[in-house]
Amino acid sequence: MSGSHGSVNGAEHWMALEGGADGSSGGGPYTSRFAGIGASVPEQRVTSDELMASTAHRTHIDLERLTGIHEHRVVAEGEDSYTLALAAAQDALSHTDFGAEDLDLLIVSSITRYVGGLTMQLEPPLSLSLKETLGAGRAMSFDISNACAGMMTGVFILNDLIRQGRVRRGMVVSGEYISQLGVNAAREIETILSDQLASLTLGDAGAAAILERAPEGAPGIEVAGFTTLAEHSRLCLAFPSKVGLGASMYSDSRALQQVGIEDTVPMLREALDQAGLAFDEIDYFIPHQTSARAIEKGVKEFSERMGGAPKHVVVTVDEFGNTSSTTHFVALWKYLREGRFAKDDRVMLLSIASGLEVGIVIFKVDQLVGHGHDH
């Protein structure tokens, strides 16, 4: 979904946290780390076959073969963006040894702000409602929106504030009720060439990430950087739907993937250089979960150009679909629950979101392992 703020032009405007946009030192001596990861996925499942059986036209599209998505989660009665975000926030807190009252900052970063069904809450901000319900009374709070890169943008901002010593601890949380885009697309889509095809890949989920100042000498976030390539902002647009409730989304998926791969390579190189790492020193690579085929193609291209491949590529799109801004943190949550990580593992999160936003976060898993995450 679209939404870019300002225009930058390629790697020379890369905003990384060893230095600000102006090349300054970033302003602080601290390191930040992830203290807790939470998620909330609805129980209700809809398979790709079931979704395609609901289309108004005979499309002859084999969505599962095309995308690798077997099923996605869909909200039930009483669930919405707010309930997903709240449950994810509570889950993240349950994996820490502190409470909501210890948070200095709360950032809500979802595209959707649905409360009570498909009613979009603009005021008061969702962050204020969440803050009050959670009991995070002393936390500053605000909402941001940056397409599918929302949570990564929130992490980027919070990481910087912790590094500068402005806050000690905060949470980034998102609840995405976006399956309605697929319901609306199913009413209009006629062929595989439809610009609403990407809407059929979306699933609902909430996710939350808590960041804190790391103890001296402890590992944490090594690089967090972001850039916006606004010349591509028209490749994905959303408008109020003409056929149903909520919105409809129109994407040039092929062009998005092409420019996404092309423009991400210099960012990847710069982020890895900054961390003093090679691509094959990344233990777990978590890209944005668009489709299994797109991930495979992207990783192959990156690996060829970077001269090495990450040890593991995380794919969760097959069981959750594309959950928009929550995708990286749903994947992290799943792997933590399943006990897949070792403490020394280095993870790279890569966000390539329409707008076009490219965000990269590299960190050591460290104390997240065994911190109440693995069940």
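# Close-up views of a predicted model

**View 1. Ser324 sits in a loop between two helices.** The loop that holds Ser324 runs between helix H9 (317-320) and helix H10 (327-337). Helices here are DSSP runs of H or I with at least four residues, strands are runs of E with at least two, and both are numbered from the N terminus. The model is predicted: local features need pLDDT of at least 70, side-chain atom pairs count only at pLDDT 80 or more, and totals for chains, interfaces and linings use all residues. Residues are numbered from 1 along each chain as its sequence is written, and side-chain values use heavy atoms, with hydrogens and water left out. Ser324 is not a glycine, yet its phi is positive, near 60 degrees. Most residues other than glycine have a negative phi, and most peptide bonds are trans. With a relative accessible area of 1%, Ser324 is buried (buried means under 20% relative accessible area, exposed over 50%, partly exposed in between, with a 1.4 Å probe and protein chains only).

**View 2. Asp366 follows strand E15.** Asp366 is another residue other than glycine with a positive phi, here about 45 degrees. Its relative accessibility is 17%, so Asp366 counts as buried.

**View 3. Two peptide bonds are cis: Glu123 to Pro124 and Gly355 to Leu356.** For the bond from Glu123 to Pro124, omega is near -10 degrees. Pro124 belongs to the loop between strand E5 (105-108) and H4. For the bond joining Gly355 and Leu356, omega is about -10 degrees. Leu356 is placed in the loop between strand E14 (346-353) and strand E15 (357-364).

**View 4. Helix H5 (residues 150-163) is largely enclosed by the rest of the structure, because 11 of its 14 residues are buried.** Among the buried residues are Met151, Met152, Val155, Phe156, Leu158 and Ile162. Asn159 and Arg163 of H5 are buried as well. The 14 residues of H5 should span 20 Å at 1.5 Å a residue, and the end C-alpha atoms are 20 Å apart, which agrees (the expected span is 1.5 Å times one less than the number of residues). Just after H5, Gly165 has a positive phi of about 80 degrees.

**View 5. Helix H3 (residues 81-94) crosses helix H4 (residues 126-134) at roughly 45 degrees.** The two axes come within 11 Å (axes are lines fitted to C-alpha atoms, for helices over the stretch in contact, and angles run from 0 to 180 degrees between N-to-C directions). H3 is therefore oblique to H4 (under 35 degrees counts as roughly parallel, over 145 as roughly antiparallel, 65 to 115 as roughly perpendicular and the rest as oblique). H3 meets H4 through residues including Tyr82, Leu86 and Leu93 of H3, and Leu126, Leu130 and Leu134 of H4 (contact means heavy atoms within 4.5 Å). This contact of H3 with H4 has eight nonpolar, three polar and no charged residues (Ala, Val, Leu, Ile, Met, Phe, Trp, Tyr, Cys and Pro count as nonpolar, Asp, Glu, Lys and Arg as charged, and the others, Gly among them, as polar).

**View 6. Helix H7 (residues 253-275) crosses helix H8 (residues 292-306) at roughly 45 degrees.** The axes of H7 and H8 come within 10 Å, and the helices are therefore oblique to each other. Residues in the contact include Glu262, Arg269 and Leu272 in H7, and Lys297, Phe302 and Arg305 in H8. By class, the contact of H7 with H8 has seven nonpolar, three polar and five charged residues.
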